[in-house]
Amino acid sequence: MKETLRTALTDHMVYFNSKNHVNATTRDWFQSSAYTVRDRLVERWIETMQRYYEQDAKRIYYLSLEFLMGRTLSNAMLNLEIDEPCKAALYELGQAFEVVADIEPDAALGNGGLGRLAACFLDSMATLDLPCYGYGIRYEYGMFRQSIENGAQVEHPDNWLRYGNPWEFPRPELLYPVKFHGCVVEYKDEKGALRHHWVDTDDVMAMAYDTPVPGYGGQTVNNMRLWAAKSSRDFELRYFNQGNYIQAVADKSESESLSKVLYPDDSTVMGRELRLKQQYFFVSASLQDMLYRYKKLHADWSQLADKIAVQLNDTHPSIAVAEMMRLLVDAHHLPWDEAWGLTTRIFSYTNHTLMPEALETWPVATFASLLPRHLQIIYEINHRFLQQVMHQFPGDVDLLRRLSLIDEEHGRRVRMSHLAIVGSHTVNGVAALHTELMKRTIFADFERITPGKIVNMTNGVTPRRWLNQANPSLAGLISERIGKGWLTDLDHLRKLADHADDAGFQAQFRAVKLANKQGLARLIAARLGIEVDPASLFDIQIKRIHEYKRQLLNVLHVITLYNRIRAGVSDITPRTVIIAGKAAPGYAMAKRIIRLINDVADIVNNDQRIDGKLKLVFIPNYDVSNAERIVPAADLSEQISTAGTEASGTGNMKLALNGALTIGTLDGANIEIREEVGAENFFLFGLTTDEVETLRCQGYDPASYYRNNAELKQVLDMIATGYFCPDEPARYRPVVDALLEHGDQFMLLADYAAYVACQDKVAELYRDPAEWTRRAILNVAGMGKFSSDRTIREYAEHIWRVAPIASNAVQSKKTQ
């Protein structure tokens with residue numbers, strides 16, 4: 001194997017890069033390595049697709065506006081089980097694999113947990129031999145690359161495609177028109193049926209780019225198909241033929257801007273319109289592609305719902321319900337009732353938020369301008385749906401108002417989550433608490449009229465990337481003790497509980513953790529010029545910056561520790577607090593919190609009185625590759641959102657899987673993690689969901705906590721008066737005002753004392769290495785439930801009704 005790979009590497013260097021070992025750069029070696037691995041993927045990819053066609057398999061189509069895939073080279077090598085011979089071949093050619101792999105940029109196709117979850121699901125579907133397509137957008141620049149300048153977040157274009165993408169296959173022959181604007185003409189066909197023709201539209205072409213996604217073992221390689229916007233040829237020629245070349249180029253550029261940037265800034269009307277156009281663009285192309293594939297094998301539409309299952313990953317793709325109806329009724333002339341029957345058997349919808357403001361709505365006027373036919377279809381769906389509700393609950397006008405797809409009270413807006421629910425056969429939450437709260441709060445009326453439609457599918461993460469790839473030393477130690485079965489059945493980790501009290505295993509476990517912390521310390525020193533002590537407690541909070549995730553509460557604790565050290569408290573456990581995450585460009589408070597973190601870090605890290613007992617570090621540009629370096633080094637995992645606000649979280653799973661203890665509230669998947677790892681191995685604090693609601697109803701007074709807690713008062717006063725920003729003393733007055741004057745929406749002050757007390761328990765336990773390690777091992781042992789393989793099996797069985805289509809090689813193994 002090694003010799004074959006070595007030959008392939010040198011051949012690709014010559015025939016793809018037109019270079020040899022004398023003038024090849026590290027990037028050239030990465031390209032050669034990628035093409036060498038890709039060759040082995042492609043053979044199995046073609047075989048997988050052929051297998052699906054031959055068996056006329058029912059396929060899962062996963063629609064997601066984000067796929068946060070991370071780097072592909074290491075992942076593909078590990079899943080194909082050719083990592084060791086590849087590394088050896090490169091070494092013989094004078095190349096260090098780690099240096100070569102580090103050249104690869106992260107694919108900038110997502111932002112946070114939503115996109116990473118989608119990537120984990122694609123990995124699991126391929127590993128489980130489930131026929132699946134992932135559909136999304138090929139963003140040219142992704143969200144943004146984050147840098148920190150003078151403590152503040154600065155956004156830069158993330159030009160991840162600058163050097164090309166060796167993993168993708170452009171499909172210029174796969175083009176679908178996507179229409180916008182125009183008007184709708186009604187007419188009757190030869191049978192007297194009313195038809196609708198959408199005319200005078202502005203068209204954009206969607207071009208496919210395919211990327212192979214290998215499962216572990218490499219026998220199944222599924223497809224991720226991403227769409228790039230291209231200007232329609234007719235659109236360009238019209239202006240060229242008139243001699244208006246500048247307009248032709250301008251229109252081409254505007255058309256192709258649809259797939260330029262992930263999540264355009266929606267603080268402007270143009271930004272919001274572009275976001276809706278992005279959503280419809282990829283949905284329309286994807287549905288056209290699905291129906292084209294179906295028609296190649298089927299003469300009529302009767303089996304459509306038996307051959308395709310479409311999962312809507314959050315509300316972003318929910319326009320798919322109206323688009324499927326448009327395609328079936330307008331383009332393929334199915335009767336409305338037949339088309340609706342198929343549509344509601346095809347779609348299922350995953351909700352990822354409990355916050356009403358995060359459930360997308362769009363002004364009716366925007367729909368009327370951009371997607372006039374879809375607005376008509378939504379009106380018709382709504383009319384028929386409300387008629388059913390009215391017959392089921394006669395006289396309940398308020399119920400009709402609350403359930404309507406059109407919100408009449410806030411300027412007439414289309415409720416996209418309602419469209420997704422009405423058009424789907426199943427709706428799921430992503431953690432037990434989240435699902436229960438969906439039923440009790442935001443979707444209580446839907447639970448009332450269709451009980452049982454809302455179900456739970458607790459999220460998971462792929463152990464192949466988040467343990468085997470991210471933490472090879474711990475993965476090797478685990479496999480040495482219990483075998484490799486955990487790679488495809490994470491429940492095997494339960495066997496580690498038998499070793500939790502083994503002093504020898506504890507020492508090995510601690511040695512792995514220390515080596516990972518030393519590696520992260522070197523990275524921090526190299527990138528940020530900050531020296532941190534690997535022996536200190538590494539206290540980690542890595543996630544999107546948002547007020548409900550309460551990075552600010554973490555900062556309040558850091559300042560509390562800082563004040564204690566300055567006051568001469570001696571029994572302080574040395575601690576390095578590491579925070580990473582991006583704030584949305586238009587989210588002013590989140591960006592202000594990032595700057596506060598950096599300003600506090602500047603004071604704390606340079607105060608000689610602290611004597612190295614406390615460091616605060618903000619690592620810029622958090623992405624998958626940075627997460628793979630941070631997660632294995634974590635001692636403590638911060639999961640401190642206000643109870644009832646986090647749908648699930650998956651960072652909590654990744655960190656616990658790598659041996660971090662969790663400090664957290666009873667929120668999202670924290671509850672289930674605590675149940676699995678044992679309450680005694682989880683640092684719990686804070687109000688429960690019910691207590692939060694009770695306190696709100698009673699009249700929450702955050703200022704009373706400020707007045708009655710001396711440490712809290714000192715911390716807030718320091719922030720408010722410019723202790724950490726003497727050049728601009730009022731810089732953080734809005735942060736303090738949000739807590740004291742504007743209601744402290746996420747109850748930081750109510751939870752502050754409990755959080756600080758819980759952190760004191762953390763510090764005390766960390767001073768007992770054997771007990772800390774024992775609990776860390778038990779955390780790893782309890783994480784079997786949180787494999788995305790388990791999640792996907794449940795989706796396949798209970799929602800999609802899709803069976804595995806294994807290769808002959810896999811089937812023969814199973815029968816032996």
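Here are some notes on this predicted model, point by point.

1. Some ground rules before you start. Because this is a predicted model, local features need pLDDT of at least 70 and side-chain atom pairs count only at pLDDT 80 or more, while totals for chains, interfaces and linings use all residues. Residues are numbered from 1 along each chain as its sequence is written, and side-chain values use heavy atoms, with hydrogens and water left out.

2. Nine strands make up an open sheet with mixed pairing, in the order 5-8-9-2-1-10-11-15-16. Its edge strands are strand 5 (169–180) and strand 16 (454–456), each of which pairs on one side only. From one strand to the next, the twist averages 25°. A word on terms: helices (H or I, at least four residues) and strands (E, at least two) are DSSP runs, numbered from the N terminus. Two strands pair if DSSP finds at least two bridges between them.

3. Helix 12 (residues 336–346) packs on it, touching strand 10 (308–313) and strand 11 (347–350). Contact here means heavy atoms within 4.5 Å. The direction of helix 12 makes about 40° with that of strand 11. For that angle, axes are lines fitted to C-alpha atoms, for helices over the stretch in contact, and angles run from 0 to 180 degrees between N-to-C directions.

4. Now zoom in on strand 2. Six of the six residues of strand 2 (residues 132–137) are buried, so this strand is largely enclosed by the rest of the structure. (Buried means under 20% relative accessible area, exposed over 50%, and partly exposed in between, with a 1.4 Å probe and protein chains only.) In a regular strand the side chains alternate between the two faces of the sheet. Here, Cys132, Gly134 and Gly136 point one way, and Tyr133, Tyr135 and Ile137 the other way.

5. Which strands does strand 2 pair with? One is strand 1 (residues 59–63), joined in the parallel sense over four bridges; there, Leu63 has Tyr135 as its bridge partner. Another is strand 9 (residues 221–231), also parallel, with five bridges. On that side, Gly136 has Leu226 as its bridge partner, and Gly134 stands opposite Met224.

6. On to charges. Side chains of opposite charge can pair when their charged atoms come close. The whole structure holds 52 salt bridges, where a salt bridge is a side-chain nitrogen of Lys or Arg within 4 Å of a carboxyl oxygen of Asp or Glu. One of them joins Asp210 and Arg225, at 2.7 Å from N to O. Asp210 lies in strand 8 (residues 202–214) and Arg225 in strand 9, so the pair ties together parts that are 15 residues apart in sequence. Asp210 is buried, with a relative accessible area of 2%, and Arg225 is buried as well, at 6%.

7. Two further salt bridges are worth a look. Arg326 pairs with Glu323, their closest N and O atoms being 2.9 Å apart. Both residues sit in helix 11 (residues 320–331), three residues apart, about one turn of the helix. Arg326 is buried at 12% relative accessible area, and Glu323 is buried at 0%. Then there is Glu728 with Arg731, at 3.1 Å from N to O. In that pair, Glu728 is partly exposed at 38%, whereas Arg731 is buried at 9%. Salt bridges that share partners also join Arg171, Asp210, Arg225, Asp289 and Arg293 into one network.

8. Is Phe746 buried or exposed? Phe746 counts as buried, at 7% relative accessibility. This residue lies in the loop between helix 30 (733–740) and helix 31 (748–766). Leaving out residues up to four places away in sequence, Phe746 touches Met355, Glu547, Tyr548, Arg550, Thr642 and Thr645. From Phe746 to Asn652 is 94 residues in sequence and 20 Å in space, C-alpha to C-alpha.

9. Last, the surface. Val14, Tyr15 and Phe16 make a nonpolar surface patch of about 360 Å². Patches are made of residues with over 30% relative accessible area and no salt bridge; like charges are joined within 9 Å, and nonpolar side chains (Val, Leu, Ile, Met, Phe, Trp, Tyr) within 5 Å. Accessible areas come from the Shrake-Rupley method with a 1.4 Å probe, and for residues, only the protein chains shown count as cover. Phe16 itself is found in the loop between helix 1 (2–15) and helix 2 (26–54), and is partly exposed, with a relative accessible area of 46%.
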